Amino acid sequence: MLIDGRIGEAEAGGAEEPGSKYERMYQKVVEDSAKLVVEWQGCGFVHGVLNTDNMSILSLTIDYGPFGFLERFNVNYTPNTTDVPGYRYAYKNQPQIVLWNLAQLGSALAMREVLQRGDEALTLGVDGGAEAE
């Protein structure tokens, strides 16, 4: 699975950090995505459709349909003509959009952790009950 590959990449070449493998992988995705958006802001790149489904746990983005570059500095520049200039997909909003998208990924990973722990707890509870009899 893709997540297992990313986990392996995040953990390669170093001492094991505290936290679960999903927490460590998420930290790597956050760091790499932050570096990516910094590079975009530095060269005036505007993605144009920075939805959650256009970001990847590989810290890459896809679907560059209405992307653009600042020809002159304008924080409200929006290459996506379906968006209001200065609104969601504007140059100035990219860091916050990436942060929001990463929060959605974090929420999904946290739910996975909760569900896994819940399954383990349920299994342990059933096994424990059987052993007690």
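Is Tyr64 buried, partly exposed or exposed, and what is its relative accessible area? Tyr64 is partly exposed, at 36% relative accessible area. The model behind this value is predicted.

## Overall fold

The protein has 3 helices and 2 strands. Along the sequence they run in the order α-α-β-β-α.

Of the contacts with a separation of 6 or more, 49% link residues 24 or more positions apart. The protein has 133 residues, and 33% of them are buried. Its accessible surface is about 8500 Å². Carbon and sulfur atoms supply 59% of that surface.

## Nonpolar surface patch

Tyr64 sits in the loop between β1 (45-46) and β2 (68-69). Together with Phe67 and Phe69, Tyr64 forms a nonpolar patch on the surface. The three residues share about 290 Å² of accessible area. Patch residues need over 30% relative accessible area. Tyr64, at 36%, is partly exposed.

## Salt bridge

Side chains of opposite charge can pair when their charged atoms come close. In this model, a search of the whole structure gives 1 salt bridge. The partners are Asp32 and Lys28, with their closest N and O atoms 3.3 Å apart. The cut-off for such a pair is 4 Å.

Both residues belong to helix α2 (residues 21-43). Asp32 and Lys28 are 4 residues apart there, so about one helical turn separates them. Asp32 has 18% relative accessibility and counts as buried. Lys28 has 26% and counts as partly exposed.

Key
Residues are numbered from 1 along each chain as its sequence is written. This is a predicted model: local features need pLDDT of at least 70, side-chain atom pairs count only at pLDDT 80 or more; totals for chains, interfaces and linings use all residues. Side-chain values use heavy atoms; hydrogens and water are left out. A salt bridge is a side-chain nitrogen of Lys or Arg within 4 Å of a carboxyl oxygen of Asp or Glu. Buried means under 20% relative accessible area, exposed over 50%, partly exposed in between (1.4 Å probe, protein chains only). Patches are made of residues with over 30% relative accessible area and no salt bridge: like charges are joined within 9 Å, nonpolar side chains (Val, Leu, Ile, Met, Phe, Trp, Tyr) within 5 Å. Accessible areas come from the Shrake-Rupley method with a 1.4 Å probe; for residues, only the protein chains shown count as cover. Contact means heavy atoms within 4.5 Å.
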